Amino acid sequence: MDILNALVAILNYVVVPATAYGAQLALGALGVTLIYGILRFSNFAHGDTMAFGTAITILITWALQSAGIGFGPLPTALIALPFGIAATALLVLGTDKIVYSYYRKVRAAPVVLTMVSVGVMFLMNGLTRLLIGVDEIKFADGARFLISAQEFKKATGLAEPLAIRSTQAITVITAAIVVAALFWFLAKTRTGKSMRAFSDNEDLALLSGINPSRVVAMTWIIAAALATIAGTLYGLDKSFKAFNYFQLLLPVFAAAIVGGLGNPLGAIAGGFIIAYSEVAVTYAWKKVAMYLIPGFQPDSLLQLLSTEYKFAVSFTILIIVLLFKPTGLFKGKSV
Amino acid sequence: MSFLDASSMTGGYGAADILHDCTLKVEKGQIAVIVGPNGAGKSTAMKAVFGMLRLRAGKVTLDGDDITALSPQERVRKGMGFVPQVNNVFPTMSVEENLEMGAFIRTDDFRDTMEQVYDLFPILREKRFQNAGELSGGQRQQVAVGRALMTKPKLLMLDEPTAGVSPIVMDELFDRIIEVARTGISILMVEQNARQALEIADMGYVLVQGANRYTDTGAALMADPEVRRTFLGG
Amino acid sequence: EDIKMGISMGFTGPLESIAPPIASGAELAMKEVSDSGKLLGGDTVTPVRGDSTCVDAAAATATVERMVTSEGVKGIVGGMCSGETIASLTNVAVPNGVVMISPSATSPALSTIDDNGLFFRTSPSDARQGEVMTDIIMEHGIKSVAVTYTNNDYGKGLADSFAEAFKAKGGTVTIVAAHEDGKADYSAEVGALAAAGGDALVVAGYVDQGGSGILRGALDTGAFSTFVLPDGMVAATLEKNFGTELDGSFGQMPASEGEGKDMFVSLAKTAGFDGSSIYSAEAYDAAALMLLAMQAAKSTDPKVYKDKIMDVANAPGEKIMPGELAKGLELLAEGKDIDYVGATSVELIGAGESAGTFREIAIKDGKIETVKYR
Amino acid sequence: MSTRQPGAARGGKLRAPLLFAAMAALIAIEAATTGWNGALVIVNMGLISAILALGVNMQWGYAGLFNTGVVGFIALGGLGPVLVSMKPTPGAFSAGGWGILIAFAIALVTIMAAVWLNRHLTRMKGLAILAVLIAGFFLYRAVFDPAVAAIQAINPASAGYLGGLGLPTLLSWPLGALLAAGAAWVVGKTALGLRSDYLAVATLGIGEIIVAVLKNEEWLDRGVLNVTGIPRPWPVPYEVDLQADPGFLGRAAAFGLDPVTASTISVKLLYGTLFAAVLLVLIWALQLALNSPWGRMMRAIRDNEVAAEAMGKNVTGRHLQIFILGCAVIGLAGAMMISLDGQMTPSSYNPLRYTFLIWVMVIVGGSGNNWGSVLGGMLIWFVWIKAEVWGPQIMHVVTATLADGALKQHLVDSAPHMRLVMMGLILLLVLRFSPRGLLPEK
Amino acid sequence: MIRVENLHKHFGGFHAVDGASLEIATGSITGLIGPNGAGKSTLFNVIAGVHKPTSGTVTMDGEDITGLPPHELFHKGLLRTFQIAHEFPTMTVRENLMMVPGGQTGETLWNAWFQRGRIAEEEAALLKKADEVLDFLTISHLKDERAGNLSGGQKKLLELGRTMMVEAKIVFLDEVGAGVNRTLLNTIGDAIVRLNKERGYTFCVIEHDMDFIGRLCDPVIVMAEGKVLAEGAPDTIMQNEAVIEAYLGRGLKNKVKTGAAQ
Ligand SMILES: Nc1ncnc2c1ncn2[C@@H]1O[C@H](COP(=O)(O)OP(=O)(O)OP(=O)(O)O)[C@@H](O)[C@H]1O
Ligand SMILES: Nc1ncnc2c1ncn2[C@@H]1O[C@H](COP(=O)(O)OP(=O)(O)OP(=O)(O)O)[C@@H](O)[C@H]1O
Ligand SMILES: CC(C)C[C@H](N)C(=O)O
Ligand SMILES: [Mg+2]
Ligand SMILES: [Mg+2]
């Protein structure tokens, strides 16, 4: 029984949340990695693209809700998602036309594009806030839990609870589907391959008859879709607040890099590594130890590092990974 | 009118012109070779023909159509193929994917063309799943030419295709180029292995400082002692 | 004459969402005084907003510098966060001799700062809140708690003073863990808190920042069911976002007995903002105090009217409620004494900070209910 | 990475003087419209920003090192004034100072032991090292934790930390540089082998780690409780003292200035002079270096590491050197900033403001060009501050024609966010019309 | 003398150099030829310290130099050029040359600040030297051009020019000829001979132009599949059946060119 309790405690406080968080990071990292892989710059505006996409999705969700449209046990936002994606795609395509395309034409160095994306980040930042304000917004509806803590305790009679939110499950499943689809798309389809060709050698892509504007547009559309999906799922699971999406940028980049920039599989792996390291290293193992070793009453919490350092932990792991695998776990690119 | 007719091209990268009233022509199924000192503007002329350089003056026609205003990828669709001098492979894509990208604009089945390329460069078949960036210099060059052949172009432009390839491969390459030309494809190439190239050329252009210095059949240029001494290394 | 008054708040940055109601609170008082036409024989008051960012000391300093030197403000309602307040106070307000009244900077450090008598606050020091919170928890019969705080001077100061007070009264604090605001995920913090255990969780954070994230996580995973919520956590959003999930939790915030707050909330409602939002009422009082002190001193010079602030704020004198600023101005003009009560029952003690009456709240049926004032 | 760039910057030789004159004019306009006090505040922080940008430019512009941990090194530099000029907390050192030193010694010995084992063991290496590290960690915590607790127990509301040495603040500037340089050495030794964006994220993480340490190690700098009242550097006086000084009042009156204005302006001018002096010395040294064979070597390394290595240049060594130097300059500026602010607030070190903004300065100014960095530093700081005012003004203009209503209200309420929009817009405009920066590398 | 003993270099499972042993005698101009992908460049890279060998040793005049970093080898007098030109693109052509010599006074910061007189003298000498080299390579009109803007062949010349800036003991040339005009290549060949005769440089030359190899090199080493296939004087090598089979080939099959239209 105690062993079961220990197991459930680990599941509830480490495995389930870290998996969901990891999937969220992975979805964000996919977008970053895609832009990096194909357009060859670190897009700092990605966090705010996520925010924008989510904001639009929320507005549409509200409209749907007030029209009485729902999605059964699933969140209404999932119906709104395609519209959010479309709007975000339009926005980023517009941005590309007005802003980025010029720098591609003059072949500016990647760091200039990165700086440009910082400019875009500021702009989108303001735009999103103009659109939906700065407040925290909750827009999740439908069934909240797959397994709720109380039910679980009642059903099993264990002392430790276990909860799985439906949004957590949706996030993990979506992440799996999206990464598989993206991987397949890039590795197997003609368009996907042409995107990789473009990323490898733009001039030669041109000489092979690949239409660069099409590749760029495709990339942005996919990135917009990824950003909106990631942002909406994150917002469903936690809540929406424009500022938080900017903050999300840091772990998202960390995830993309640990895995190897430009590599979709890497983004997934990176997301989980960052998430698990944050949760596990700062977890207080006291309770688990007490279950496992009867009669053990430690004074301390058996916590390796306090939670203040959780970010430091994930970055330390990142640095260690990079020291042994300088282009990330999955052999990413470097411009 | 010639199949490819690029006449009086003038232009460059910035303020100063590199090309001065440069004219290049290729007939259908013929091989034209450009030779000249380093920095003469040979690559620049190729880029100009392919629309990668803005011309201040001059006109390019292909099969009678004026293509001066077309973008490079539109020219590809018009049947032009180009192997640049440098950066001519997709380094993080496999050899096979490089070839597939060559066939990007084709909608028919290109399996047999790929087989032909593999027959021509057997080493590529061996390395088909390796990334092109990991190949040796000469192997890359073979990938580059292979990629251009995949387009099944009407006009094939090659910028120093034999730079860095071994003699045996160079011979094979020239053999293949001749065969390609025999099927009615026109070839325009820049070569520093000039004597070998002029041997198979119908037409030769000697370019110096962006202008045509000598223009004649390949054999005639080979025979000209002045040309041999100054441009072909004796 | 048109008197300019500065409002330095973090309109952008991590607390951007609670800044607007605070500023509106201050502006409400200014408008009321302006409209009354009774200040110094008909002076009007124009608010000048400035963005302090809440976290960037340099930007806040530049903002306040601009207000003082180029806009010529006669007083400043602000800053919003303690760190930024200290910076702009010592670098700008003190050298230039301008009065600052902060509605919300609650760090104990501000009690002892060298301010030439120019700094006041309408909120109490966090040192006091820790003691009040201890009492409330003890009265609920809870002896063991876990504490999490937002990792800034406010959160840390409050958590520390609470932990000390709680232990002194014989309670057990199982863990004191910080959380950073605005982060993507709080699973690690929730995990650590859950493992440490305790009968309740004290969340010394901000309701629309990490504090909510922690609550969410702790509720969803079933780690805690009773929460203790200090000032930064008590706001309408709590009801909206958590509903009945928080039933049984309780807390406290600086606020005082009486109808002052209610009057202010309804005034705010007419003016179109949420007066129950945190520190909004304090901001109203801060602005009101400054303007009343001008009237009492018959001068808009901060160096002169700074000495009157304590006078108008405290007894003796006639009590002045929110919405009655005109009356206060009249009385002062007549040379009578007033005791400004305002929206938060202002009573300035010591170095010019609120004495700290607290409202104990409990959450029942998804609503924040007042238990009593203490 | 393609380096082809559009036509060279117009303006030739006169470009730099003209742009600096324009910058001066902007400041003068600012002074004329809002007074010298406000203008000088911007100038002073602008000078510090210029130094920060110089430090980043050394790393990026000279050597192509993508350091995004700037915020960490600024923060470390800021520790300088705390450690040097604050008064020591009485009894703190005897309470826990030794404990902390011993703990550090334990940590050092542990790491050395691990390194030794790594070199000398062949079998069971991983296990042995892990065992040593774990044992060392617990021993360290066992000594460290009580020492920290003892220090924090001393007057926690206003002290609770070790305090400083009580020495003149000016001394803290070199110390700030040294602290940053020391950290840079450790970072450089481990992470400099990484390429471009990977180095970027590694340093991003390191910056976060440094800030996390400063935020949470209260015995060192009071953590999030902040250290306030850091003394000013010689010769900068306090305004209140000036206002009480009859001699000064007399001089002020002679100029026809009121005491408050005179004192605040004098203080700012003094700060400004100090900062400008530091900036000038740095610029002189950097210009000489950049135009010497050393600078040529650095550019070669930046252009092509493999070739530079083959041409006998010790790329790793030089990278480390420039990384340390750049960080030292950043640390120096960090220390100067703290002695300007008079307080150390670790939680204010956020990467947006202290890493990205500095990078924007370098890129907008023109990477690889020292004068460009100075210009970029001044200009972007100016814009960052002014955007706060311009944003709402623009909103005002935009909404002027709108009818009152929810939309207008919403827009007016959102005005502060125009600051970010403005910032973004200006960044994009500069980069659009001068993609290599305002003063491109020649 | 460079001696390579039983050298292996593996990339993953692929054996690019697979047990090569060879010697480059002091004072010789040794040619290194072999099919594309034979491992020639890889061998160079291992000798020059760019790659660490999987196994095997490299010695220089009896001293073990296996795995030393390139910059240390440079100071031991071992120079190399790259098959794919590695210019410093944003620097001028002249600067590309002037940066080469090691141990310049101005390369330390301290001296850059306080030894400006000495630096000025050195710079003047370097400048003169660089201009001589540029003259020799016939690209002196490009001295102030950004190296990134050079044509393919010009970059190769610059690559060679760098090795002429210092007193080297041994120079490894990886296909200097590829893409270089043949007339100019002849001049380069002359220069190599002159450097070899007059200054005693040892050369090891990878090249696919057999005229060039034949004119310059003795001995010639042939590599194939990561191993040494043959070694000897150019004439004998060119007669070697195995070499012809693997590398030289027998000339064009399509001797007669028949165009479709004419
Ligand atoms: N980084 C690498 N990863 C994997 N394989 C590699 C790598 N570098 C080289 N190779 C392989 O090693 C073999 C030898 O390459 P190398 O460049 O040494 O050939 P080479 O003899 O110089 O040929 P060439 O004459 O064409 O330049 C090639 O088959 C190549 O594919
Ligand atoms: N991107 C560029 N920008 C500016 N100038 C250039 C650029 N590329 C080439 N040039 C210049 O144009 C001239 C012609 O270059 P081009 O590459 O056409 O020569 P080439 O005849 O192909 O020589 P090679 O045989 O060496 O390849 C050269 O002097 C070169 O310096
Ligand atoms: C806005 C407030 C919640 C600020 C907090 N009381 C502080 O002192 O920082
Ligand atoms: Mg060329
Ligand atoms: Mg090679």
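**Figure 1. The loop that holds E:T138 in chain E.** In this predicted model, E:T138 lies in the loop between α5 (116-136) and α6 (152-163) of chain E. Helices (H or I, at least four residues) and strands (E, at least two) are DSSP runs, numbered from the N terminus. Although E:T138 is not a glycine, its phi is positive, about 60°. E:T138 counts as partly exposed because its relative accessibility is 48%; buried means under 20% relative accessible area, exposed means over 50%, and partly exposed lies in between (1.4 Å probe, protein chains only). The model is predicted, so that local features need pLDDT of at least 70 and side-chain atom pairs count only at pLDDT 80 or more, while totals for chains, interfaces and linings use all residues; side-chain values use heavy atoms, without hydrogens and water. Residues are numbered from 1 along each chain as its sequence is written, and chains are lettered from A and ligands numbered from 1 in the order in which they are written.

**Figure 2. Helix α6 of chain E and its cover.** Eleven of the twelve residues of α6(E) are buried, and the helix is thus mostly covered. Among these buried residues are E:G153, E:L157, E:L160 and E:T163. The elements that cover them include α13 (305-310) of chain D, as well as β6 (78-80), α3 (93-98), α5, β7 (170-174) and α7 (182-199) of chain E.

**Figure 3. A salt bridge between E:R199 and E:E167.** The side chains of these two residues meet in a salt bridge, at 3.6 Å from N to O. The pair links distant parts of the chain, 32 residues apart: E:R199 belongs to helix α7 of chain E, and E:E167 to the loop between α6 and β7 of chain E. A salt bridge is defined as a side-chain nitrogen of Lys or Arg within 4 Å of a carboxyl oxygen of Asp or Glu. Side chains of opposite charge can pair when their charged atoms come close. With a relative accessible area of 38%, E:R199 is partly exposed, whereas E:E167 counts as exposed at 56% relative accessibility.

**Figure 4. A salt bridge between chains A and B.** A:K193 forms a salt bridge with B:E100, and their closest N and O atoms are 2.4 Å apart. The pair crosses between chains, from helix α7 (residues 190-200) of chain A, which holds A:K193, to helix α3 (residues 95-102) of chain B, which holds B:E100. Both A:K193 and B:E100 are buried. Over all chains, the count comes to 56 salt bridges.

**Figure 5. C:S187 beside chain A.** C:S187 is placed in helix α6 (residues 187-196) of chain C and is buried, with a relative accessible area of 11%. Leaving aside its neighbours within four places in sequence, C:S187 is in contact (heavy atoms within 4.5 Å) with A:Y13, A:P17 and A:V279. A network of salt bridges links A:R165, A:D237, A:K238, C:R216, C:D220 and C:E245.

**Figure 6. The largest nonpolar core.** A nonpolar core is a set of buried Ala, Val, Leu, Ile, Met, Phe, Trp, Tyr and Cys residues joined through side-chain atoms within 4.5 Å. The largest such core has 330 residues, of which B:M9, B:L188, D:F73 and D:Y349 touch the most other members. Helix α2 (residues 36-63) of chain D gives the most to this core, with 17 residues. Apart from it lies another core, of 99 residues, including C:A29 and C:V99.

**Figure 7. Helix α2 of chain A.** The 21 residues of helix α2 (residues 46-66) of chain A should span 30 Å at 1.5 Å a residue, and the end C-alpha atoms are 30 Å apart, which agrees. The expected span is 1.5 Å times one less than the number of residues in the helix. Of the 21 residues of α2(A), 15 are buried. A:G68, whose phi is positive and near 80°, follows α2(A).

**Figure 8. Two cis peptide bonds.** The peptide bond from D:W234 to D:P235 is cis, with omega near 0°, and D:P235 is found in the loop between β1 (227-228) and α9 (239-243) of chain D. In chain E, a cis peptide bond joins E:D218 and E:P219, with omega about 0°. E:P219 is found in the loop between α8 (210-216) and β9 (220-224) of chain E.
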